[in-house]
Amino acid sequence: MKRSDINRILADAAAMIARHGFSLPPFARWSPETFARRKDEARHVIDARCGWDITDYGAGRYDEMGLFLFTLRNGRLADLTAGRGMCYAEKLLISRERQLSPMHTHIIKAEDIINRGGGTLVVELFGSDADGRFDDRAGGTVMCDGIRRAYGPGERLRLAPGESVTLMPGDWHAFWGEDGDVLIGEVSTVNDDETDNIFREPIGRFARIEEDVAPTHLLVSDYATWLA
């Protein structure tokens with residue numbers, strides 16, 4: 001992805017988030033230079049990979065297969081392992097109309113996926129085999145706003161604004177917007193995007209960036225190089 005396209009996507013996302021009445025934390029407005037100057041005091045933000053995130057899953061077709069994310073807060077895997085402390089994470093996501101987030105599951109993370117506003121959020125579900133692998137003949141059970149619901153293989157949930165689904169490890173899922181772009185909330189256990197996203201197809205989690213212009217804001221995937 002070109003950095004100029006990323007800058008535009010960030011600006012459009014910030015505008016959509018504001019239209020729906022959400023305010024991002026102060027570090028969301030930091031320039032790369034401010035981040036570099038304040039990196040010591042922002043060590044938790046950096047280590048927890050909070051902030052701006054965009055992926056085209058390495059395919060180079062963002063409008064067809066991609067996702068915008070902003071990690072608002074994220075705990076520590078050490079706390080999750082210990083069973084106490086900061087064991088939670090929260091994100092905002094934007095799924096554009098007919099923009100696919102491809103089939104995947106998680107080994108550790110349980111998550112509530114919430115339609116915060118916009119169009120309809122379509123979530124396609126499959127279950128796992130005995131070893132946790134994708135099984136196109138398996139269904140399962142999820143919670144939709146606290147109500148238990150069984151799903152068959154390939155069943156599609158359609159979540160209107162305010163509705164949500166709770167996904168556990170082993171619930172394979174893909175999602176996209178229908179009838180418009182969708183602002184999505186994600187509340188979960190500690191999030192680890194580097195190791196805990198298991199995709200059905202061999203695709204990447206982070207975009208390869210062509211630096212055609214300077215970044216407006218750093219992505220979480222920039223931290224290792226820009227803030228070294």
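This is a predicted model: local features need pLDDT of at least 70, side-chain atom pairs count only at pLDDT 80 or more; totals for chains, interfaces and linings use all residues.
Q: Hi! Let's start with threonine 71. Which strand is it found in?
A: Threonine 71 sits in strand β2, which covers residues 67–74.

Q: And is threonine 71 buried or exposed?
A: Threonine 71 is buried, because its relative accessible area is 3%, and the cut-off for buried is under 20%.

Q: Which residues does threonine 71 touch, leaving out those up to four places away in sequence?
A: With those left out, threonine 71 touches Phe27, Arg49, Cys50, Gly51, Glu90 and Lys91.

Q: What classes of residue make up the lining of the largest pocket?
A: The pocket lining has six charged, five nonpolar and four polar residues.

Q: How many cavities of 30 Å³ or more turn up in the whole structure?
A: The search finds one cavity of 30 Å³ or more. The largest cavity has about 150 Å³ of space. Of its 18 lining residues, Tyr57, Leu67, Leu69, His104 and Asn197 are the closest to its centre.

Q: Which strands each supply at least two residues of that cavity lining?
A: Those are β2, β3 (88–95), β4 (101–105) and β11 (172–189). The largest share, three residues, comes from β11.

Q: Let's go through a few. Which residue does arginine 8 form a salt bridge with?
A: Arginine 8 pairs with aspartate 5, and their closest N and O atoms are 3.7 Å apart. The two are three residues apart in helix α1 (residues 3–19), so about one helical turn separates them.

Q: How accessible are arginine 8 and aspartate 5?
A: Arginine 8 is partly exposed at 40% relative accessibility, and aspartate 5 is partly exposed too, with a relative accessible area of 31%.

Q: What about aspartate 47, which residue does it form a salt bridge with?
A: Aspartate 47 forms a salt bridge with arginine 43, with the closest N and O atoms 3.3 Å apart. These residues are four apart in helix α3 (residues 43–47), so here as well the separation is about one helical turn.

Q: And is aspartate 47 buried or exposed?
A: Aspartate 47 is exposed, with a relative accessible area of 54%, whereas arginine 43 counts as partly exposed at 34%.

Q: Last pair: how far apart are the closest N and O atoms of arginine 158 and glutamate 178?
A: In that salt bridge they are 3.0 Å apart. Arginine 158 lies in strand β9 (residues 155–159) and glutamate 178 in strand β11, so the pair ties together parts that are 20 residues apart in sequence. Arginine 158 is partly exposed at 45% relative accessible area, and glutamate 178 is partly exposed at 23%.

Q: Which residues do salt bridges with shared partners join into one network?
A: Arg3, Glu211 and Asp222 are joined into one network that way.

Notes. Residues are numbered from 1 along each chain as its sequence is written. Side-chain values use heavy atoms; hydrogens and water are left out. Buried means under 20% relative accessible area, exposed over 50%, partly exposed in between (1.4 Å probe, protein chains only). Contact means heavy atoms within 4.5 Å. Ala, Val, Leu, Ile, Met, Phe, Trp, Tyr, Cys and Pro count as nonpolar, Asp, Glu, Lys and Arg as charged, and the others, Gly among them, as polar. On a 1 Å grid over the protein atoms alone, a cavity is a set of points where a 1.4 Å probe fits but cannot get out, and a pocket is an open set with protein on both sides within 12 Å along at least five of seven lines; lining residues have an atom within 4 Å of a point. Grid points are joined across faces, edges and corners, and a volume is the space filled by probe spheres set on the points. A salt bridge is a side-chain nitrogen of Lys or Arg within 4 Å of a carboxyl oxygen of Asp or Glu.
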